[in-house]
Every structure is written in C-alpha cells, then in structure tokens.
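I am opening my notebook on a new structure. My plan is to go through it part by part and write down what I find.

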Amino acid sequence: MKSYGQNAWFAIVGLVLIAELAFAAPAGTALQSIEPSTIALGGSAQLTITSIGSEMPAITPPMVPGLEFLAVGQSQQVQIINGVTSARTTVTYQVIAQQAGVFSIPSALPGAEPVVLTVTGGAGSAPNAQVPGGFSQGSQAQPSSSLPAGSARQGASGAAFVRLRLSKHELYVGEMVPVDIQVGARDGMVASLNGPPTLNGDAFTLSKLPENPSRTEEIVDGKPFIVFTWHTALVAVKPGTLSLTMDTPLTVRVRAPGRPDGGFFSGSGFEDLFNDPAFQNFFGASTQRDVTVSSNPETFTVLPLPTEGRPADFGGAVGKFAVSSDISQDKAGEGDPITLRMRVSGEGDFQRVSSPMLQDADGWKAYTPTANFKPEDEIGYRGEKVFEQPLVSLQAGTRTVPEVHFSWFDPATRRYEQAHTEPLTVAITPAPGGAGALAGSPPASTGAASTTADSEAPAWRPDRPDDGGGRISTLLPHYFQPAYMAVPPLVLVALSTAWLWMRRAQRPGEVTRLEPFMRPSVDALASEMDEYATAGNVQSFFGVARTALCKVLASKWGVALPAVTTDEVVSKLGSDGEITRVFMLADEAAYSNLKMTPLEFRQWKRIVLRHVGDGTPS
Amino acid sequence: MRVSQLAGMLAAGVLAFSVLAGGLRAQTAVDSPPVSADYSAAQQYNLANAYARSGKPALAVLAYERARLLAPTDPDLRWNLHRVRESAGLPDGTGSWLEQYGRFANPNIMYWIGIVGLALGGCCLLALARRAPFRGALAVGAVVGCAAISASMFNAAATFPVLSEYIALRQASASVSPVAGADTLFTIPAAATVRRLDRHGDFELIRDSRGHEGWVASSDLAAVIPESSRQ
C-alpha cells in the first residue's frame, strides 16, 4: 500500500514537472552553430544562437571555462500574420579561446544542440583557420578502429571515461604497437577537454598525438557519449611486466551541493531525470569542476631482445622490413658524385632504423649518408626510410658499388633478420686532365629532385687541400678595422711632414752647402782673370768674376742662376760689400770704357778668388 | 696642374675615404660577444661543400660567401655557389655593377697595395716637387701609386656592402614591425641573401633582392661577416 502511494506520488510529481517543462519551453525551434569549429589558441570563432518561435526569449551567453564570450550583435525579426506572432532572434557571440582543448559549449536555449569547439595549441596553424580533419558538431562517426576495444573506466561520476585499444599485450623492447586512446565524454556533462591524454610511467614512449582527434558517438551503458579517439603508437623501452595507464584532464559539470542525490528520489525513475544534463542545465543546477580521468591499467609483458643470433651490424630496428637499393646514375665522370640509395620499408619504429651504408669501400670515397622517412600512415608506423649516400669513384672504368647490409629483429618470427642490397654497376669515364684526382665534390643530394639534373649539368667542383695555412682571425676586411684604418692617415701625415720640411729648407738665409757641380774651378778662374788683366780687358775680367760669384750665390741661395742679379745682390748683401762692388763694376765695365791699373787688377782678383775659393762668401 | 696640387688632391681623397669608412663602420657595428675563429678560403670552401653534401643550402651559401670574401675570383667557388643557389631555386645574387667588378681580389691584399701605392705616389710627387733628377721615373712612380690607390678604393667600395649582407638560415617571414605576431608582408626563402638596414631588439630590418623591406627575427639570419669579427 505504501509503495503504491509512493509511486503514485512520484507519478504526479513527474507529470507536474514534465508539464512545467513543456510550458516553460518556448514554442518553436532553437539553433546553435559555431564557425569555425577548430581554431588556434588565441584565435576566435563566432557562435550564433537563433531562436524561431512566437516569443522572443532572453538569451544569456554560455559559461565555459577557457572560453570567453563577447556579444557581437543581436537581431530580431517579428512577423504577425493573421494575428499569429512569429519572432526570429539571432544573437552572435565572438568566442575567444584562452586555453587549448576540446570544449563543449552547452545549448543556450532549450532545444538547441550543444556545439564543440576545438582549440589547438597554435603552433603552425593560422588563427581562425579551419584545421583540416577537425571535427565539428554533426560530423559523421569515424570508421571504427580495427583494434579490439579496451575496457572503459568511467570517472567523474560517469561523465567521462578513458580507454586504450591495443592489438597485443606481449611485445619486445623497441617494438612499436599501434594504439587508440579514446576519451568518452557524456554529452552535456563534460564542459571541455583540457589537454590531450598523457602517459603514466617511464616504461613506454608514445608517438606524437595528432592535434585533432577523430570524433564518434557511442552508447555506453545506455548513455550517449561523444568519443574522441587519438590514433598513435606505443613503444616499450624496458623489459618486464609493466602496467600502463593514461590520464586526461577535463572539466565536468556536477550537480551543485544541496541538490538531491538520490535521497528522496533514490531508487526511483526520477533519478535519471535529475541527472539528465538538459534538466540540470535548464534549472542552472550544475557547477563545473576540473578533474583528471584515468584509464584502466593495461598490463604488458615486455620481452628483452635476444642476444643469441644478433648480427654485428644490428642497429636496434624492430619490426618487419624489406630492403632495396638503386643508384642515381649508371654513368658518371671520374670525380663526379653519384648517390647510392637504400630503401627500408615496412612496419615498426623507424626512429630505430639506421644504417652506416658503405664504409671503407675499396676504390670509392663514401660520404656520410642522410636519411629521410616517408610515413604511409598518420602515426609513422608504416612507411619507407630512404638512406642516401654520396659516392665518388677514385678510379675510372666499370665499377661495382658493393652491397649494403641491414639487420633487424622481427617480433613475429622472434628472430633477427638480415638483408642486403644487390651490387650495382656504374661506368666511370676518365676525367680530362685527371680532374677527379681530388675526390670530394659535393653531390647533388641537396635535393632528391636534383639528382637527375646531375647527369646533365656539369659536376660540382671538388674540395681543396687545406693545409691550415693563411688563416686569419677575422673576416672583416682591413679597410674597416680601426687599427688598419689609421695607417693611410699616418702615411699622409708622414708625407705632409716631408713636404713641409722641404718647403722650410727652401727659405732664404739658410746656410746651404755648395753643391760640387756648382763650385767653379779657382785655378781656372785665376788663370782666366790673369789673362784678361794682362790684356787690360776690364770688361771680360769682371765678366768672368761676376759669373763665378753668381754660381756661388745661386748655390747658396738655392735659386736659379739667372735669378742672381745685381739688384738681388744689393738687396741681400747691401751696397757696400765686396761682392756687390764686383757686380757693380762688372755692369759699369760692360757699358763704359773703364780702365784699371795692374795693381787694381791684382787687388780685385784676390777679392774674387777669396769669395769663390771657400764657397761661403760673406 | 702643379704637382703640389695633385698631391693635395690625393691626400684629401685618402683622408675622405678613411673618414667615410670609419663612419660607415660605426654605423654597422653590432653588439655580440667575441668568438675566436680562424678563416681561410679553402677551409670555408670545403665547409660549404660539406654543407651542400648534407643538404643544408643555407649554411652552404653562408660558407661560400665567406670564402668568396677571401677568394672572390675563385671559379670553383663561384660555380658551386651558383649550383647551390640554383638547387635552392634562388637567383645568383650578382649585386650591383660595383660589387660585380669591384671584388676582383682579396680585400686585405688590396688594402696593402693601396698603402704601398700611397707611399710610392706620395714620395714620387715630393721628389718631383723637389726637382730631383730622374723625373720620368718619378712620374711613372706617381702614376703607379695613384693607380694602386684607386684600385684599392674601388675594391673597398665594392666590398663595403658585404658588411650588411645576411643569409636566411631558414624560410622566414618578414613582418611590418619588429614585434612578435606582427602581420607578415612576405617570406624570404632559406639561403636567400638579404641586406640588413636596421636592427630593433631581436629583429632586423632587411631588404631582399626584389627590394622588399620587412622585419625578420634575428635568429633566422646569419651575417656573412660574423658579428664576432666586427669587434
């Protein structure tokens, strides 16, 4: 009886609540959309909320941690047709991301679908750009993974779960295993994912997670979940029995304190009603809380790589591989580089795939190889790694490029495998003038595309012998170094000083040495003067005397001979000097019939010879 | 024209060049800790070849340009530099007429040739002014000296732009202003040669071969003449 009464009471209350919900909801439809659905951190998207109905509802901006909503505009259209009012209200918000993550923006109006906004870390993606592969509300479910489903562990009161999907649980150290990490979020109860899943422990390494997980919808335990899936790969780094869990930070909406949690409605059909996100959102009864949801521990048996049968050239590659090789050209000139390529394709951790290629090959100069990995899937589990090694033949003729070996461990067969490439033949033509003597020209391996051009274009010039000599400590030319820049002015100062010194030396009054070629012969002068005195030729006597004194004075004053005139002598030596009187008598004798006695001839001869003889006339 | 006037013009020219070079050097001086290093044309050339071998065209171009500074007429060096630029899809970057023809010898050798020419020409002009004998030989000496000075100054003027020459180490964005997140004007490809016009913080104002100017992060560029060499 009591139970019947209680159930009746619950039925009445439920009908009242449903009726209230029905009347409270405005008649009509509500739409909510966001564009773009994927933005970079710091970017913004536009959230548009549209209500169509007979009433104009009050729209309040959503509240999502990590997102900021700025009202951009609001428009209303009201139509009254035959007395029926139809209103279309559109509110636009600019959504600014303040942190990376996947955010669920709840419906701002009853009847509107929540929308999901993905905020990437920002590196490499342009703001407001639609990221390829991003998901948006309404996207179709992704093809289901081929991996077996792992057990889900729900956290945060059933609002979310994290689970791993793996193909095997026994693996070898270094073996790469594809794994799907799935995070399920109860629609409306998870406000946002605050970061990608992270690995617990140091026994495994995880490949880089894709920025945009795939999104599917799934019913788990009868409740709808949005499941985000990251396709990646796991590598074990140490042996043993190891456990692995994944953590995911997210923000969930929980019921506010004081709300009935079971209690009066416990065990009744209304518990689900109260727990329904739409119900809680409608009444504003939920709060948001940051939580971390962990997956169920997955146990692995990690085996060490066997030491028995390990090849000497084993470099740590674990997986299933195949090897092939080719060469850039089958004809080359002596000294020209050719490129040997080895292709390793298959499945496994290609970071562990390495090869020294050719080393110390007879008749070949081999350079350090480069490697380039081309993945065939998004996680880099399948692909092809191409090793390129430049080779230069040291001899002309038909040469054979030796085979290259590659070893790896195959977990499927549980043994080491070894493969080698086929020997390749190359025709090397002699270089004119032995140009290939200096092996070491750079190859065209700066780009794979340029390899073909090598066979057509002239070869690269080879390296030079560097004996270490002629090195300088700075590349700055001397022109622009302060110490060297001071040298030209110093040279100019020295030249200017010499110039000034020369000018000063030319000033009159300075005692200068009589140059030997200017010195007249005293004996010849005396003989000539005696000859003119005997003949009584006064004009010629003073003529030769004057010429001799002119040479002496010109030499002394550093001037040309014609510059030594009577006026110049008078101005410099005065009018009473003996030399002046000789010049004046010479002028007088030239223009008059001057007569002299033998005594006067002897007296003037002695005076002239005295001034000419020592070279320093007073 | 008197000999003394010729000597005066020569002296004024050399002094003007010294002042010009000093001023320009002060303009391009940058702050960076000194790093000791030894350079030779062969070493830089082989280093560039190694970079080219390992698929690093930007570093290869940088080393080739440094080698070209010391051995500007080396045909092998010019050929390999041409090949690297060609493989990177870049123009040859021959520069102006002055740069193309003025860099005809090692600038350090040309510097000393200029100094010797200055001394020789100056002495010959002084001797001519002093009316010394052998005036014909002195005149020849003066002409040779003046020619050496002219060649040195021509080489210095052609080498000067290298002071502001930078190589893009990777593809870089040139922005409108020297701040992070500024709007991008254009991009410069890796290994491209650009001229630095100014610096602000961690950004350099550059001009590319097309004449476009923009601010690029300093970490994306490397100077042909390392900043440690400018101390």
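**Entry 1: ground rules and the main core**

First I needed a term: a nonpolar core is a set of buried Ala, Val, Leu, Ile, Met, Phe, Trp, Tyr and Cys residues joined through C-beta atoms within 7 Å. Buried means that 20 or more other C-beta atoms lie within 10 Å of a residue's own; with 12 or fewer the residue is exposed, in between it is partly exposed, and the C-beta atoms are placed from the backbone.

I also noted that this is a predicted model, in which local features need pLDDT of at least 70 and side-chain atom pairs count only at pLDDT 80 or more, while totals for chains, interfaces and linings use all residues. Residues are numbered from 1 along each chain as its sequence is written, and chains are lettered from A and ligands numbered from 1 in the order in which they are written.

Which residues have the most contacts inside the largest nonpolar core? I found Phe103(A), Leu117(A), Ala160(A), Ala185(A) and Val190(A), in a core of 80 residues. Strand β16 (residues 223-236) of chain A gives the most to this core, namely eight residues. I took helices (H or I, at least four residues) and strands (E, at least two) as DSSP runs, numbered from the N terminus.

I then looked up Val190(A). Leaving out residues up to four places away in sequence, Val190(A) touches Ser104(A), Ala159(A), Ala160(A), Ala185(A), Leu250(A) and Val252(A). Contact here means that two C-beta atoms, placed from the backbone, lie within 7 Å.

**Entry 2: where the chains meet**

How many residues of chain B are in contact with chain A? I read 45, against 38 residues of chain A. On the chain B side, the elements giving two or more residues are α1 (3-28), α2 (41-53), α3 (57-70), α4 (75-87), α6 (107-129) and α7 (135-159). The largest share comes from α6(B), with eight residues.

I sorted the chain B side by type: 22 nonpolar, 15 polar and eight charged. For this, Ala, Val, Leu, Ile, Met, Phe, Trp, Tyr, Cys and Pro count as nonpolar, Asp, Glu, Lys and Arg as charged, and the others, Gly among them, as polar.

**Entry 3: chain B**

Chain B has seven helices and seven strands. Along the sequence the pattern reads α-α-α-α-α-α-α-β-β-β-β-β-β-β. Of its 231 residues, 42% count as buried.

I checked the span of α6(B). Its 23 residues reach 32 Å from first C-alpha to last, close to the 33 Å expected at 1.5 Å a residue. The expected span is 1.5 Å times one less than the number of residues. Just after α6(B), Arg131(B) takes a positive phi of about 60 degrees.

Next came strand β2 (residues 172-175) of chain B. Four bridges join β2(B) to strand β3 (residues 184-188) of chain B, and the two run antiparallel. Strands pair if DSSP finds at least two bridges between them. Opposite Ala172(B) stands Ile188(B) in β3(B).

Ala191(B) sits in the loop between β3 and β4 (193-200) of chain B. Is Ala191(B) buried or exposed? Ala191(B) counts as buried, because 24 C-beta neighbours are inside 10 Å. Its phi is near 80 degrees, a positive value in a residue other than glycine.

**Entry 4: loops and a sheet in chain A**

Arg414(A) lies in the loop between β28 (405-410) and β29 (415-420) of chain A. Arg414(A) counts as exposed, because it has 10 C-beta neighbours inside 10 Å. Its C-alpha is 9.2 Å from that of Tyr172(A), 242 residues apart along the chain.

Pro36(A) is in the loop between β1 (28-35) and β2 (38-40) of chain A. A cis peptide bond joins Glu35(A) to Pro36(A), with omega about -10 degrees.

Last, I traced an open sheet of three strands, in the order β22-β30-β27 (chain A), with mixed pairing. β22 (331-333) and β27 (397-401) stand at the edges with a single partner strand each, so one side of each has no neighbour in the sheet. β27(A) pairs with strand β30 (residues 424-429) of chain A in the antiparallel sense over five bridges.
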